[in-house]
Amino acid sequence: MAAEQTSTLTAFYATLKRDLLIAFKRKNDVVNPFMFFVIVVSLFPIGISPESDRLSEIAAGVIWISVLLASMLSMDNLYRADYEDGSLEQLLLSPHPLFFMVLAKNLSHWLVSGLPVVLVSPLLAYMLNLPEEAYTTLFCSLLIGTPIMSLVGSIAVALTVGLGSRGLILAVITLPMSVPVLIFGTLSVQATLNAASPIGLLAIMLAMLAVAVSLAPLASAAALRISVN
Amino acid sequence: MPPVTPESPVDKVADKPMLRASNLFCERDERVLFSGLDLELSEGQILQLQGSNGSGKTTLMRILCGLNDSYEGQISWYGEAIEEQTASFFSSLLYIGHRVGVSKALTPLENLRWSCSLRQQTSEEEILKALAEVGLRGFEESPCYTLSAGQQQRVSLARLLINPARLWILDEPFTTLDKKGVDLLETLLQAHVKAGGAVMVTTHHKLDIPELSILSLG
Amino acid sequence: MWLWFSKLGSPKWFYDLSGKWLPWLIGAMVIFLTVGIVWALLFLPPDYQQGHTSRILIIHVAVAGTSLVFFPLMAVAGVITMVWRMKLADMVAKNAAPIGAWFSFLTLATGSIWGSVSWGTWWEWTDARLVTMLFQFFLLLGVISLRSALEDPDKAAKACALLSIVGLINVIAIKYSVEFWNTLHQVSSSVSFSSDSPNGPEFLIAIIIMLIAVYLFLSVCLIMATRNEILQRERRSQWVQNLVRLS
């Protein structure tokens, strides 16, 4: 029988589709980090102050840090189930470059856990009394920043996938790595509030995204090979 | 029910063995698992790995698959080192490990759709036919967490029917299978080697296949 | 070339060679440390602006300068581990992480002490270098905890090698973004590397002596720790057992 090997693009889409399907079937894994994000953001006004002036000052930072934490929590599932049931081995043994398979998994993770958070951010920004003119910037910065965090976090998840209990080690490794994204994300909102243009800062974030897309999956792929070893 | 015939390796040099490992050395946790190990696997051959628990059968298989790289020595695929040609090696290899590679959240059909799409174009009918042949007719759309371990193993065996890989590396494929499943797998193995494929298998089950050769570890 | 490289990678060769060098290194370290500390703390004329406070700056700058070397060192060792699988590189990297964390901590501590006097605060978020050092410290702790979490030494070696390489890129990214974030503070500590700086050449010479001393201290620590690691990992080999029998 003439069995033609699939193109890498087909394999990429198939992996993306599969991960989205799994996410759709395990709604808990998707909903919980999202709920976590919303709840954490809602706790800040209670913990700090209900005064709208003070809230508007911290709004961008609070949303960004909550996004960071939620993204880190949701990352934990990225490779674990596949590692446990052996699908990861099958992925490593596929004739296609692992780079694109990892990219597909990261993209699916972002679509499922990053995008909803970005979409709901204007609502939370409203609740935290962020001045209206900064909504677009916050939205854009999160739109660029969350995939960077997915890509970078993926490396740490891949390194720790074989560990039994690793909730905190993941945090220790990933959180310091997100400093650059956090800085530019919050600075761009600040710039808008100071009536300056955030375009330059967002462009830097786009550049970071480009670097992350081209390098991070390589590191994740290497990390997966190490972990499955 | 002949399985898909492995592609005949006309493009390869005929006198080179399919898979050859020479002078393999591996140690784990400061214990030497094997050293100076040589093995050859040619078309039409079944190699059964034997050895007590912890003798390194699984490790050896994972090394030969390219999943484990903490070894010293050379492994070649038709005379060329496997590191030089991973893509063509991987496309001719089917590995089923202890963890069978079946996602519990998905149905058998969805699982196979994905694992086939990583390798070669497969039609929906082929997948359904393979599932029927491994005895999963009627379970195509049930999520795998509702299936028994043996049935999940069968899902992974269906891949053997669909993928025209020349080399099968199977780690304890018989453990969770019932009597009928064992018969099915034995038939599959026989048909595969008849068609010029090669198999490496670990099992404590006694295989009744004429082409069988045995390698003992530890 | 290849032969030399694989010889260099042999733990026994390193153990023998470093055994010969170590006394000299320790001697040099003691001399430089004594001269540096005694001179900086007792004899150096006080800074024209900062007075006696500047003395701790000499130690701070030397330690800070040294702690910058760890991530590059671990990343290079990581590349060697991943590409050539040289075990010695991993032994060095393994011990570099805790020493690096300790140096980063010392940098933060001496920086705080100095800051408490001259800035009037123990911690200053607006100082980019201090913040960068803090996150380098965190990243090093991450490498250490990954190492201790992975039981298989071979896997731990490769995983930490990869994390060190990623970490180096990250430290650089953090450094520039934090600098961008806040560039309000004094540039390079009022120590400019020219002899006509208001502090005079003595100040510069003291810092250089101290820097050499701390580098020597780092090398001695790293070599001794690596030698320990070699004995530990090669304990079943013939030459280590002979060594134990002799002593």
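**Notebook: chain contacts and the build of chain B**

I began with chains A and B and found 30 residues of chain B in contact with 27 residues of chain A. The model is a predicted one.

I then asked which elements of chain B give two or more residues to the side that touches chain A. They are helix H2 (86-91), strand S6 (93-96) and helix H3 (108-117) of chain B. H3(B) gives the most to this side, with 4 residues. I sorted the residues on the side of chain B that touches chain A by class and got 14 nonpolar, 11 polar and 5 charged.

Next I looked up chains A and C. Their contact takes 19 residues from chain A and 20 residues from chain C. On the side of chain A that touches chain C, the elements giving two or more residues are helix H7 (135-160), helix H8 (167-177), helix H9 (179-193) and helix H10 (199-228) of chain A. By class I listed 17 nonpolar, 1 polar and 1 charged residues for that side of chain A.

Last, I went back to chain B as a whole. I noted 6 helices and 9 strands in chain B. The radius of gyration of chain B is 17 Å, close to the 17 Å that the globule rule gives for 218 residues, so I put chain B down as being as compact as a globular protein of that length. I also noted that the C-alpha trace of chain B spans about 50 × 40 × 30 Å along its principal axes.

How values were computed:
Residues are numbered from 1 along each chain as its sequence is written. Chains are lettered from A and ligands numbered from 1 in the order in which they are written. This is a predicted model: local features need pLDDT of at least 70, side-chain atom pairs count only at pLDDT 80 or more; totals for chains, interfaces and linings use all residues. Two residues are in contact if their C-beta atoms, placed from the backbone, lie within 7 Å. Ala, Val, Leu, Ile, Met, Phe, Trp, Tyr, Cys and Pro count as nonpolar, Asp, Glu, Lys and Arg as charged, and the others, Gly among them, as polar. The radius of gyration is taken over C-alpha atoms; the globule rule is 2.2 Å times the number of residues to the power 0.38.
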